[in-house]
Amino acid sequence: MIGIGIIGCGKISQVRHLPEYRDNPDAKIIGLFDINYERAKALAEEYGATAYKSLDKLLADERIDAVSVCTANYNHCEATVKALEAGKHVLCEKPMATSIEECEQMVRAAAKNKKKLMIGMNQRLAKAHIRAKKLIDQGEIGRVLTFRTIFGHSGPENWSVDPGKGTWFFDKNKAAMGVMADLGIHKTDLIQYLVGDKIVAVTSKLSTIDKTDLVGKPISVDDNAVCVYEMKGGAVGTMIASWTYYGEEDNSTVIIGTKGTMRIYDSGKYPVEIRNIEHEKIMVNVEAIQTNDNQTKSGVIDAFVKCVRTDTEPPITGKDVLAAMRVVFAGIKSSEEGCRVEIPENM
Ligand SMILES: NC(=O)c1ccc[n+]([C@@H]2O[C@H](COP(=O)([O-])OP(=O)(O)OC[C@H]3O[C@@H](n4cnc5c(N)ncnc54)[C@H](O)[C@@H]3O)[C@@H](O)[C@H]2O)c1
């Protein structure tokens, strides 16, 4: 049995980590910590666990083998490194951290302490994305030439356990980055995974178009990001992340190869559709993706517990996600400096 600690007891802990650990027969939730002690205490009572008043106390509990880091972005690196140093395996939520240096520090701490570090990139484990990856690898659409991938919803201010315009998601000091890191990291990581190639250059425009803070001023982070991604193998495509898709959420990816076009979550009917040059259609009917309002089982928690239990490599390592975080940081730099930014580490 893997003893679990939860660090940060907000919305993603409540709708994903806690219920999915509870439902996993190989995991037992032991302890919870949040800077809001009352929140941790209420959940600890609900899940039959202990609420701790400090992170150090949670990490000192020897019954805890592994932790989920579900705090606001600014704390991901600190909590992860502390947990790894305390000998715990870590599943850290996205975005991995707030700078490349922090991401690298997390990867180093996992290697030094010989502990697992997995990042919660749940889109990779969505059933349609797993099938899409298989179909691309089998050559169903040929060599990938171009793509577009989009993640847009109405914003995090109605999602967080502390909702409203004062949310930490809108505060540069706590979030560090806006939608480019919040939603853009999902699609950046996903497209590299699906295509099986790395993004080596980015040209982007990040904007704060519509979201305002408590006093009516534009928020201190981006609410829209539009990027052109160039891949090592020559494919070029776009990635759009937005917190201002008020009417309808868009979580789609379209990949065009030499032999056909693949649409993922792009039509009303089937999660994956391929039309190839022989005018054949391949339709794959798997479950719809999780949305803010429809939290289906992510699979992230089961995958993490399994890799700890079997002492195997996590399916989504810190090292993998570092390659996507480099693209996010390059995208921010490109927009700030108004130029194309190359990523030598991904070449
Ligand atoms: N994988 C996904 O699709 C997904 C979805 C939503 C959120 N997330 C990520 O999960 C993380 C948490 O987001 P959320 O939606 O739960 O936010 P939230 O606002 O609902 O909850 C955040 C919680 O963290 C606590 N917290 C903040 N700083 C802390 C610290 N230093 N120590 C301990 N607790 C602290 C807050 O008190 C709050 O309870 C974010 O990094 C977010 O990007 C990932």
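**First stop: a salt bridge**

Select K297: with a relative accessibility of 45%, K297 counts as partly exposed (buried means under 20% relative accessible area, exposed over 50%, partly exposed in between, using a 1.4 Å probe and protein chains only). Before going on, note that this is a predicted model, where local features need pLDDT of at least 70, side-chain atom pairs count only at pLDDT 80 or more, and totals for chains, interfaces and linings use all residues. Residues are numbered from 1 along each chain as its sequence is written, and side-chain values use heavy atoms, with hydrogens and water left out.

A salt bridge here is a side-chain nitrogen of Lys or Arg within 4 Å of a carboxyl oxygen of Asp or Glu. D302 is partly exposed too, at 25% relative accessible area. A search of the whole structure turns up 20 salt bridges.

Pick E345 and R326, whose side chains meet in a salt bridge of 3.7 Å, N to O. E345 sits in the segment after β15 (341-342) and R326 in helix α11, so the pair ties together parts that are 19 residues apart in sequence. (Helices, H or I of at least four residues, and strands, E of at least two, are DSSP runs numbered from the N terminus.) Is each end buried or exposed? E345 is exposed at 51%, while R326 is buried at 15%.

Next, show R340 and E342, another salt bridge, with closest N and O atoms 3.0 Å apart. R340 is partly exposed at 42%, and E342 is partly exposed at 45%.

**The open sheet**

Switch to cartoon view and look for six strands forming an open sheet in the order β3-β2-β1-β4-β5-β6, with parallel pairing. Two strands pair if DSSP finds at least two bridges between them. At the edges stand β3 (50-52) and β6 (117-119), each with a single partner strand, so one side of each is left without a neighbour in the sheet. From one strand to the next, the twist averages 25°.

Zoom in on β5 (residues 89-92), which pairs with β6 in the parallel sense over three bridges. V90 stands opposite L117 in β6.

**Helices on the sheet**

Select 76-85, helix α4: this helix packs on the sheet, touching β1 (2-7), β4 (66-69), β5 and β6, and its direction makes about 165° with that of β5. Contact means heavy atoms within 4.5 Å; axes are lines fitted to C-alpha atoms, for helices over the stretch in contact, and angles run from 0 to 180 degrees between N-to-C directions. Seven of the 10 residues of α4 are buried, so this helix is largely enclosed by the rest of the structure. Those buried residues are H76, C77, A79, T80, V81, A83 and L84. Just after α4, click G87, which takes a positive phi of about 85°.

Then try 300-309, helix α10, lying across β1, β2 (27-33), β4, β5 and β6 and running at about 165° to β5.

**Into the core**

Which residues touch the most other members of the largest nonpolar core? Among its 88 residues, they are V67, M96, M180, Y229 and M262. Such a core is a set of buried Ala, Val, Leu, Ile, Met, Phe, Trp, Tyr and Cys residues joined through side-chain atoms within 4.5 Å. Helix α11 (residues 318-337) gives the most to this core, with nine residues. Domain 1 (2-120 + 300-314) and domain 2 (123-294 + 323-346) both contribute residues, so the core lies between them; the domain bounds come from an automatic or database domain assignment.

**Last stop: a hairpin**

Select 272-276, strand β13: four of its five residues are buried, so β13 is largely enclosed by the rest of the structure. Strand β12 (residues 260-264) pairs with β13 in the antiparallel sense over five bridges, and I264 has V272 as its bridge partner. On to strand β14 (residues 281-284), which pairs with β13 in the antiparallel sense over four bridges. Finish at H279, which takes a positive phi near 65° in the hairpin of β13 and β14, where four residues lie between the strands.
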